[in-house]
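Trainee: Could we go through this model together, setting each value against the definition behind it?
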Amino acid sequence: MISQLKYKYPYFFEDIQRNLNLKRIKENIKFYYRAFQNSQLHKINPQLTPHQDQLGQLIKDGVVVIEEFLSSTQVDKIVDELKTKTEIYSKDKENVKFFYSNYVVEKVDEVAPSSKLFFESDYINSLVKAYLSEEVRSVNKCARLKFNIFEDHKDYTEEYHYDADTPIFRAFLYLSDVGPDEGPFTYLAGSNRGFFWKLKKEKEEYVSNYPLKNPVFGEIVWDHRTYLLPEVHKLCINWGFEQKVITGKKGTLILADTRGLHKASPVKKPNCHRLVLVNKLEVVDTADYSNLGKLTK
Ligand SMILES: O=C(O)CCC(=O)C(=O)O
Ligand SMILES: [Fe+2]
């Protein structure tokens with residue numbers, strides 16, 4: 001009977017498949033299953049921290065700022081160690097990589113031991129565990145130094161984006177005073193909540209076969225998780241997100257759920273710089289940087 005059908009209506013099965021779009025249904029199921037699995041990785045447990053006010057603010061906004069987390073003297077000590085034990089400030093930075101407009105020293109806790117005040121802080125670790133998951137761990141500890149560079153450089157981190165769809169978190173400690181022109185970290189408060197606002201982009205990523213064009217670079221690179229300003233304005237109106245440009249004196253701590261929308265900013269003033277410590281925290285073995293993966297295929 002099937003062969004009869006095939007003979008009579010050669011495109012019968014293809015038509016059914018096209019009309020029902022079975023492939024798309026299957027991809028949708030996979031997508032929602034994956035989203036469900038990711039949501040299971042996020043386990044809020046208020047009992048893991050005594051800092052309930054800050055936890056409440058993290059849950060509400062996705063970002064918390066603590067001024068004077070370290071004193072000026074403590075920060076100066078870290079900066080001194082960076083100056084003497086790393087090449088971050090030297091002219092020939094052989095062991096320092098340039099990455100997204102920043103000079104970066106990896107494993108900075110090993111070379112500048114005073115930075116452990118930040119990387120091993122019980123205050124920070126208890127809050128991140130309570131907010132994200134007890135299983136959270138640091139996957140990268142670095143110092144980043146950013147200068148004023150040529151105007152038309154392209155840097156996707158300076159556009160609103162989110163880092164991954166799996167639980168991911170950053171703690172930043174400013175080691176230099178950061179004013180509006182000195183590269184403040186910027187966050188859309190509220191964008192940590194829910195995932196429906198990003199559903200469209202996530203589905204473009206997983207379900208469709210659209211060519212992956214990055215709106216900043218116009219090439220196939222890290223794509224759909226970047227948002228341009230008109231989209232950001234719409235999101236703010238529709239979902240009540242609020243932009244927070246985080247300026248602060250050296251010693252300011254920022255805790256941010258980077259599944260929410262955020263961006264870096266350029267250092268606009270000549271002869272100025274921003275120096276920051278960054279602790280990248282994750283729950284899964286490797287966060288999903290699938291767009292990068294596509295680049296290498
Ligand atoms: O450097 C910054 O201010 C933020 C960079 C960023 O997007 C990130 O670390 O995820
Ligand atoms: Fe980011």
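Mentor: Helices (H or I, at least four residues) and strands (E, at least two) are DSSP runs, numbered from the N terminus, and on that basis the chain holds 11 helices and 12 strands. This is a predicted model, in which local features need pLDDT of at least 70 and side-chain atom pairs count only at pLDDT 80 or more, while totals for chains, interfaces and linings use all residues. Residues are numbered from 1 along each chain as its sequence is written, and chains are lettered from A and ligands numbered from 1 in the order in which they are written.

Trainee: How do you know that strand 6 and strand 10 pair?
Mentor: Two strands pair if DSSP finds at least two bridges between them; five bridges join strand 6 (residues 168-174) to strand 10 (residues 253-257), so the two count as paired, and they run antiparallel. One of the bridge partners in strand 10 is isoleucine 254, which faces phenylalanine 172 in that pairing.

Trainee: What makes strand 1 and strand 2 edge strands?
Mentor: The open sheet has seven strands in the order 1-10-6-12-4-3-2, with antiparallel pairing, and strand 1 (63-66) and strand 2 (97-99) each pair on one side only.

Trainee: How confident is the predictor over residues 288-297?
Mentor: pLDDT is the predictor's confidence in each residue, from 0 to 100, and over residues 288-297 pLDDT stays under 50. The chain averages a pLDDT of 85, and 88% of the residues score at least 70, but residues 219-223 also stay under 50.

Notes:
Contact = placed C-beta atoms within 7 Å.
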